[in-house]
Amino acid sequence: RLGEYTVMTEPSSTSRIIDGKAFAAGLRRRIAEAVAAIKAAHGVTPGLAVVLVGEDPASLVYVRSKGRQTLEAGMNGFEHRLPAETSERQLLDLIDQLNRDRAVHGILVQLPLPPQIDEQAVIDAINPAKDVDGFHVINAGRLATGGKAMIPCTPLGCLMLLKGTLGDLSGLEAVVVGRSNIVGKPMAQLLLGANCTVTVAHSRTRDLPEVCRRADILVAAVGRPEMIRGDWIRPGATVVDVGINRIEGAGGKTRLVGDVAFEEARAVAGAITPVPGGVGPMTIAVLLRNTVIACCRQNDIAEPDL
């Protein structure tokens, strides 16, 4: 049902602007309908537990947004805020409790964590069936081998945007710039699953601009502000900018930019996601989607088409 989404555009002499806010709003509406149907037919309410350790300002804003959207979708939200000095053992004990709680179908531990806590140990402790971030090694392995996995939210959101914009991706050449476990690697797996020809590029890639110019689909997830220039982009290509970087702007104020030099790129690309308002809104919407899917799998309920 991805094809039911409509790409929103704004006036431009060249590229279409892919409106992630509109895509995410459509997905959230569908999630709310699915949650209502699951409640009515099975008496089960999908539940998401979010764990925040410390007072990181960006994480606090993100957690509040997740909590609000969870409740708006008709789901149960369980928020656990722990002090910054929480030990790894204390956090693992909480995860064990959440793993055993039948009202909790999805567990998300907000990253980054304080230095005394091993992030990988925390990820490994989450029940893979409740790993709605899709970071557990079992889910990563299932995704890589074509199995039934919980899929990382940002890459899946990118795939939804691409399918909604382009339709069938079969045979297209895709270049993913970035090889992180959170975005780059799972993005490549999803594009392979969509029958693209995929190249994963990174900081050690020889002649990176020329590699990017081959792409029908260019996904930038490298974490460097405006690294991808306009002349790196093949005319008519679709560009998905995953980067969110805060840089100093005029008058000492900061502004958000992506990994792509947007104004240069939009003069060349066929379609492009803005920053902000592109990939970002999809991440939380897909988190809610993953929680609904996890709830269905744990209760032997037919999965809705989300």
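**View 1. Glu 226, a partly exposed residue in a loop.** At 25% relative accessibility, Glu 226 counts as partly exposed (buried means under 20% relative accessible area, exposed over 50%, partly exposed in between, with a 1.4 Å probe and protein chains only). Glu 226 lies in the loop between β7 and β8 (238–241); helices (H or I, at least four residues) and strands (E, at least two) are DSSP runs, numbered from the N terminus. Its phi is positive, about 55°, although Glu 226 is not a glycine.

This is a predicted model, in which local features need pLDDT of at least 70 and side-chain atom pairs count only at pLDDT 80 or more, while totals for chains, interfaces and linings use all residues. Residues are numbered from 1 along each chain as its sequence is written, and side-chain values use heavy atoms, with hydrogens and water left out.

**View 2. Helix α6, residues 153–166.** From its first C-alpha to its last, this helix of 14 residues reaches 20 Å, close to the 20 Å expected at 1.5 Å a residue (the expected span is 1.5 Å times one less than the number of residues). Twelve of the 14 residues are buried, so α6 is largely enclosed by the rest of the structure. Among the buried ones are Cys 153, Pro 155 and Leu 162. Gly 167, with a positive phi near 75°, follows α6.

**View 3. Where α1 meets α6.** Helix α1 (residues 20–42) packs against α6 at an angle of about 100°, with the axes 11 Å apart. Axes are lines fitted to C-alpha atoms, for helices over the stretch in contact, and angles run from 0 to 180 degrees between N-to-C directions. The two helices, α1 and α6, are therefore roughly perpendicular to each other (angles under 35 degrees count as roughly parallel, over 145 as roughly antiparallel, 65 to 115 as roughly perpendicular and the rest as oblique). Gly 20, Phe 23 and Leu 27 of α1 make the contact with Met 160, Leu 161, Gly 164 and Thr 165 of α6; contact means heavy atoms within 4.5 Å.

**View 4. Two cis peptide bonds.** One runs from Leu 111 to Pro 112, with omega near 5°. Look for Pro 112 in the loop between β4 (106–109) and α4 (119–125). The other joins Val 275 and Pro 276, with omega about 0°, and Pro 276 sits in the loop between β11 (271–272) and α10.
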